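Here are my notes on this model, written to be read with the coordinates open beside you. Please follow along point by point.

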Amino acid sequence: TRWHRRFTGLALKLPIDHAIRNLGRRPGRTILTALSCAMVAALLVATTAFVRGLSGTFAGASDPSTALLLSKVAERDVVRSTTVAGLASLVTASVPGVEVASDEIHMGTSISVPGYDGERAGFVRGVSPNAYEVHQALTLSRGSLPGPGEVIVGRLVARQLGVPEGAVALGETLIVEGAEHRIVGHFVAPGTTLEAEIWTPLDPLRGLAQRDDSSVVFVRLADDQARKRLRLFCDRRLDLELDLVTSEEYYGELVAYFVPIQRMAWMLAALIGVAALLGGANAAAASVQDRIKELAALR
């Protein structure tokens, strides 16, 4: 329209400092608008980071050359799975192409941190020495490997337990299954869930947990032929009731399990974006409405 053309021409002629000085005329509205924009941006970034981090973490934990042996009744849940003790040695001796195998106990348990009240939920993994060869993503960053009554902790354990980093420093203690364990090492495993775990020798943990079995056996395979032989071994040994799952399949199923949560997060991000656009439009309309007289005078 004619008025629109005149007003647009006037706006284009206004210097930039006019707009900057105008921000100070209503400081309250300016501050609230800036905080709203920052909050919307932070929510969008946090939602995107959550969704991508969820997929990236499980993808980083998968290894094409690694497979898991679980009990069939566990429905591919390592915590509920039970395998016979010493299965790793049996598999290594029976299946050509198995480079190394590791019996492990995976358990979620309550952990006490001396100096801090209450018990805290944590994830403990009982491992054999072979575990450090199977899980090649893990790197010991400080200290030494654990012995009886000792543990090593991942980079994210302090955050997982909700305690300061100093509470899990070298030389400190954690109470696991009612027994004190001294922290002798820290490890990192970028892009995996291992960094939120506590590792300790398998046999002492088996005694503390009063278990005569293991949870899972991790196997590192030389090639695809070794994987086929291992599957044949599981099919033949019906008495062991084993389910062979490759690392890629296992973590891929975990990602698929969280797909509804990811979709909900994306929907939430879309709703936040739409609300931000509508809120910005309302704020702009209200700002113009309050300055009708000034705009008329400028015109």
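1. Helix α3 (residues 27-61) is where you will find L32; helices here are DSSP runs of H or I with at least four residues, strands are runs of E with at least two, and both are numbered from the N terminus. L32 counts as exposed, because its relative accessibility is 57%. The cut-offs are under 20% relative accessible area for buried, over 50% for exposed, and partly exposed in between, with a 1.4 Å probe and protein chains only. Together with I31 and L35, L32 makes a nonpolar surface patch of about 320 Å². Such patches take residues with over 30% relative accessible area and no salt bridge, joining nonpolar side chains (Val, Leu, Ile, Met, Phe, Trp, Tyr) within 5 Å and like charges within 9 Å. The areas come from the Shrake-Rupley method with a 1.4 Å probe, and for residues only the protein chains shown count as cover.

2. A word on the source: this is a predicted model, in which local features need pLDDT of at least 70, side-chain atom pairs count only at pLDDT 80 or more, and totals for chains, interfaces and linings use all residues. Residues are numbered from 1 along each chain as its sequence is written, and side-chain values use heavy atoms, with hydrogens and water left out.

3. Do have a look at strand β11 (residues 216-221): 6 of its 6 residues are buried, so the strand is largely enclosed by the rest of the structure. V216, F218 and R220 are buried on one side, and V217, V219 and L221 on the other.

4. Which strands pair with β11? Strand β1 (residues 66-71) runs antiparallel to β11 and is joined to it by 4 bridges, with L69 partnering V217. Strand β3 (residues 98-112) is also antiparallel to β11, over 6 bridges, and there V98 partners L221. Pairing requires that DSSP finds at least two bridges between the strands.

5. The salt bridges come to 9, each being a side-chain nitrogen of Lys or Arg within 4 Å of a carboxyl oxygen of Asp or Glu. One of them joins D203 and R206 at 3.2 Å, N to O; both residues lie in helix α7 (residues 202-208), 3 residues apart, about one turn of the helix. D203 is exposed at 56%, whereas R206 is buried at 13%.

6. D239 and R237 also meet in a salt bridge, at 2.8 Å. D239 is exposed at 54%, while R237 is partly exposed at 28%. Elsewhere, E104, R125 and E197 are linked in a salt-bridge network.
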